[in-house]
Amino acid sequence: MIIDSGDVNEDIEISTDICVLGSGAGGGCIASELSEAGLQVVILEEGPYVYGSQFNSDTLHSIRRLYRDGGTSFIYGNAKIIITEGKCVGGSTVINSGICHRTPVKVLKRWNWEAGIENILPDHMEPYFQKVEERIHVSEEPQEIIGKDSLFLKKGAEALNYKILQNKRNQIACCGCNNCMLGCPSSAKQSTLVSYIPRAIKNGATLFSNCKATTIGNNNGTISYIEGSFSSQNKSARSKIRVKCKNVIIAGGAIQTPLLLLQNRLANSSGMIGKNLYIHPSIKVIAVFDEEIVGWKGSPQSYQVHEFLDEGILLSINFVPPEVLSASLPYFGDRLLEEMRNYNRMMVMGALVEDSHAGSVSMMLSRFPMVSYTLNQQDVRKLLYATALLAEIAFAAGAIKVILPFREVEVLHAQSEIPKIFQATIKPHEFELITFHLMGSCRMGQNPRTSVVNSYGQSHDIQNLFISDTSIFPSPIGINPMVTVQALATRNAEYIINNCM
Amino acid sequence: MEKFHFSRHHKKILQAIIEALIYNSDVTISSYFFDQIIERVERCSSSMPQITQMGLSIILIFVEYAGIFSREFSRFSRMPLSVRIQFINVMDKSSFRVKRDISRILKGLCHTAYLNLPPLWEYIDYRPREHLENSIELRSRMISKEQMQRERERDYLMTREKVYNNQTLLRKEDVTGLYNAAYRSNRSMPGAKNRIPEAVK
């Protein structure tokens, strides 16, 4: 059952076995697994419930409805970094491209060796990956619906002999409408909204949308209730909800989870809540071609260049609607329109970099969330190198010019001009970056002095408090994290069923 | 979400900025479009955190009065269009980082609103609505009957209205009752599971 804030006009009090805060990759998955095991589950989701044909191509309307702060949150630090985070039923899985990668073996080993995480090695994780892939229908999409921009990326990478792989995505009969970042109107993308949440609902879970958890009731080191309020109502007449529960699972993502814990002063004996935030900083360039690409047709991100994965660089393309693209062009007036006339001949390329330095999440004036991150020299160099690689691939695919996000070097017209990127003195504050993957702000580990939760997402301090989102990652993973979160959630659900109920 | 509105003073500054940012020597832009763009900027701003909204208001005031300290010795909104364009150009290329950042923020916000106008979509030949309709139609032909049936059952399960028995608002006891019933219907009542369509495979 799904209950929205608009349906409620009185304060509510209910009791349950499990209260899950958040319905994204981690929350939706763990709620589904636990309700399937016969437990009574309540999900509180801060964002609205939007489904199927309610998704559309109006960028402004959709971003405002589905993204946290309408996609305008940013990170404080030496570079301009925009945060993109879903805030709706299904969380960021509703607005991502649905790329499904298993966690790299090197990352799992590192988590086992460095953080002492139990049962995390590839052999242990195999059944969980399999289960997740089956649930969300991970497969390659048919060749006919692959977008021309993906084919150009492939052409460029192959011309340079770079390793390029077709992505597997969580989809059933994707029709290439390329509306992934604004929600899939055909429901082909198997986001949590159409995969795990219906499963949970079918098994008796109740989801409250537009309902923000504010207080975690702590009674002698045990969580006894969660309080929240229905957020879309008038401030003066907001109904409240109190959920008495045996276990709480926080799955609000790497910013909201630590914020909630910090606000409630909980589970922070290690002092590590909000620390070790990794963001996978991403940079984009715009390649312009002679022929039409029409990036808004065909499935997005069908290929990724894996050649530089060992160096922590993942290259791909992505469709960006004209509203967002125009905001990143360095022009205005006549010139802007002139460039935007080439919109159908533009290909937006992006590079994701595995960061070597961590940021933090904290509270400013005990009220405002503050995400801080400093781009270090090593990552600056990596980002410049990634930009050069993107330009190289674009020219190899036949681009006539590449528009860069740097003031000193705005445009390249030929491959021979790539060294200009390194000759200019580009400082961190010149970068315009974006982050889609926030990780690690409540990291797991066996040592209670250096981590927030144990190997299964259970708080070291409070036995009936669990975390199930990217915030428990001990390190960045260098690829899209959705499947990793869901595999860990599946594994942690098993632990809760066997040990905590 | 409560809608954010600029004051009349802020709107005047914003319109002056928009005029400079989207000027086109070939096309005369009607006041209707400016209203549409301002309305869209307000929509963008309404989802911003309160602190960012305050920051935006301060930026508008900064731009308005920065002109007084320039060679023009005039408020931004009172400058002729050509001077305003030049003013933004100078801000854009300034060696002072804050000025550049302000210019980027304003450009980002105004261009996003501008390119959201339907005539602009036509101008750049961007037709996503038709493409969406065609793609969804194509998908309905691609999937098997069994899959279509499964999706219908899932969609039924996810329909909120069915649980409310045509009530528009739920009271405390309604929610508690429905909540308990949802759990019981799946767990306790014999054979109850069969009444719910097989939703997701």
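I began with a definition: a residue counts as buried when its relative accessible area is under 20%, as exposed over 50%, and as partly exposed in between. I also noted that the model is predicted.

**Entry: the count.** I looked up salt bridges first. Side chains of opposite charge can pair when their charged atoms come close. Over all chains, the count is 35 salt bridges.

**Entry: R199(A) and E36(A).** I picked this pair to start. R199(A) and E36(A) form a salt bridge, and their closest N and O atoms are 3.3 Å apart. The two partners come from distant parts of the chain, 163 residues apart. I found R199(A) in helix α6 (residues 196-202) of chain A and E36(A) in helix α1 (residues 25-36) of chain A. Is R199(A) buried or exposed? R199(A) has 14% relative accessibility, so this residue counts as buried. E36(A) counts as partly exposed because its relative accessibility is 31%.

**Entry: R169(A) and E141(A).** Next I looked up a second pair in chain A. A salt bridge joins the side chains of R169(A) and E141(A), at 2.3 Å from N to O. R169(A) sits in strand β8 (residues 169-170) of chain A. E141(A) sits in the loop between β6 (138-139) and α5 (148-159) of chain A. The pair therefore ties together parts that are 28 residues apart in sequence. I checked burial here too: both R169(A) and E141(A) are buried.

**Entry: K107(B) and D92(B).** Then I moved to chain B. How far apart are the closest N and O atoms of K107(B) and D92(B)? They are 2.8 Å apart, and the two residues form a salt bridge. I placed K107(B) in helix α5 (residues 97-114) of chain B and D92(B) in helix α4 (residues 81-93) of chain B. The partners are 15 residues apart. K107(B) has a relative accessible area of 2%, so K107(B) is buried. D92(B) is buried as well, with a relative accessible area of 10%.

**Entry: a network.** I went back to chain A for shared partners. Salt bridges that share partners join E33(A), E36(A), K131(A), R135(A) and R199(A) into one network.

**Entry: S326(A).** Last, I looked up a serine. S326(A) is in helix α8 (residues 322-328) of chain A. S326(A) counts as buried because its relative accessibility is 0%. What does S326(A) touch, not counting residues up to four places away in sequence? I listed L336(A) and M340(A), and from chain B H111(B), T112(B) and L115(B).

How values were computed:
Residues numbered from 1 in each chain as written. Chains lettered and ligands numbered in written order. Predicted model: local features only at pLDDT ≥ 70, side-chain atom pairs only at ≥ 80, totals over all residues. Heavy atoms only, no water. Salt bridge = Lys/Arg side-chain N within 4 Å of Asp/Glu carboxyl O. Helix = DSSP H or I, 4+ residues; strand = E, 2+ residues; numbered from the N terminus. Buried < 20%, exposed > 50% of the residue type's maximum accessible area, 1.4 Å probe, protein only. Contact = heavy atoms within 4.5 Å.
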